[in-house]
Amino acid sequence: MEQFAHALADFVRAHQAWAAPIVFLLAFGESLAFISLLIPAWGALVAIGALIGASGISFYPVWIAGGLGAALGDWVSYWFGYRYKEQVAQMWPLSRYPELLPRGEAFVRSWGVPSIFIGRFFGPLRASVPLAAGIFEMPYWSFQAANFISALIWAAALLLFGDVMAKLMEWLWRLF
């Protein structure tokens, strides 16, 4: 997975115009139920964030692309859960990880709308919380408000973390 992140970062470094579309796709995949279990993309997002200050890539288009990609991934996951309800647990890969959906359900039931915001920042919950919110029919507009706000904050956090880490490493490199 680390090689994937480095390869993508190298591609974005060489082809900066592709930064926003690539971040959109990575954030979408990272937030989409089922796909995020197979291909965790947060490392690539942090690596691309490290390029923002170092290579002059504009932060805002990449941030908006990441936020929209993450929100769209959760939106699709919510719809899928709402549409297919209990059938979802029998689908691969959730059939191989049966503990994910009950954890997501318990989290959504106990935290309500804030679970969408909180779940975005915790690995396996990121994919299962929107799915569970759809299955258990969280109100649509409440879900979407939490979804879009948390997606923009999450995208900014990952990209800025990468940018800050790159600046810190550059400072340390100069120091020694």
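**Salt bridges, cores and rings**

Modeller: Helix α9 holds both Arg-174 and Glu-170, four residues apart, about one turn of the helix; helices (H or I, at least four residues) and strands (E, at least two) are DSSP runs, numbered from the N terminus. This is a predicted model, in which local features need pLDDT of at least 70, side-chain atom pairs count only at pLDDT 80 or more, and totals for chains, interfaces and linings use all residues. Residues are numbered from 1 along each chain as its sequence is written, and side-chain values use heavy atoms, with hydrogens and water left out.

Colleague: What makes the meeting of the side chains of Arg-174 and Glu-170 a salt bridge?

Modeller: The N to O distance between Arg-174 and Glu-170 is 2.2 Å, and the term asks for a side-chain nitrogen of Lys or Arg within 4 Å of a carboxyl oxygen of Asp or Glu, so the pair qualifies. The structure holds six salt bridges.

Colleague: Which residue forms a salt bridge with Arg-120, and how far apart are the closest N and O atoms?

Modeller: The partner of Arg-120 is Asp-74, with the closest N and O atoms 2.7 Å apart. Because Arg-120 lies in the loop between α7 (114–119) and α8 (123–135) and Asp-74 in helix α5, the pair ties together parts that are 46 residues apart in sequence.

Colleague: Why is Asp-74 called buried?

Modeller: Asp-74 has a relative accessible area of 1%, so it counts as buried, and Arg-120 is buried with a value of 1%. Beyond neighbours within four places in sequence, Asp-74 is in contact (heavy atoms within 4.5 Å) with residues including Ser-31, Arg-126, Phe-143 and Asn-147.

Colleague: Which members of the largest nonpolar core touch the most other members?

Modeller: They are Val-12, Leu-26, Val-62 and Trp-154, out of 28 residues, where such a core is a set of buried Ala, Val, Leu, Ile, Met, Phe, Trp, Tyr and Cys residues joined through side-chain atoms within 4.5 Å. Helix α4 gives the most to this core, with seven residues.

Colleague: What makes the charged end of Lys-85 count as sitting over the ring of Tyr-82?

Modeller: The charged end of Lys-85 is 4.1 Å from the centre of that ring, and the rule requires NZ of Lys or CZ of Arg within 6 Å of the ring centre and within 35 degrees of the ring normal.

Key
Buried < 20%, exposed > 50% of the residue type's maximum accessible area, 1.4 Å probe, protein only.
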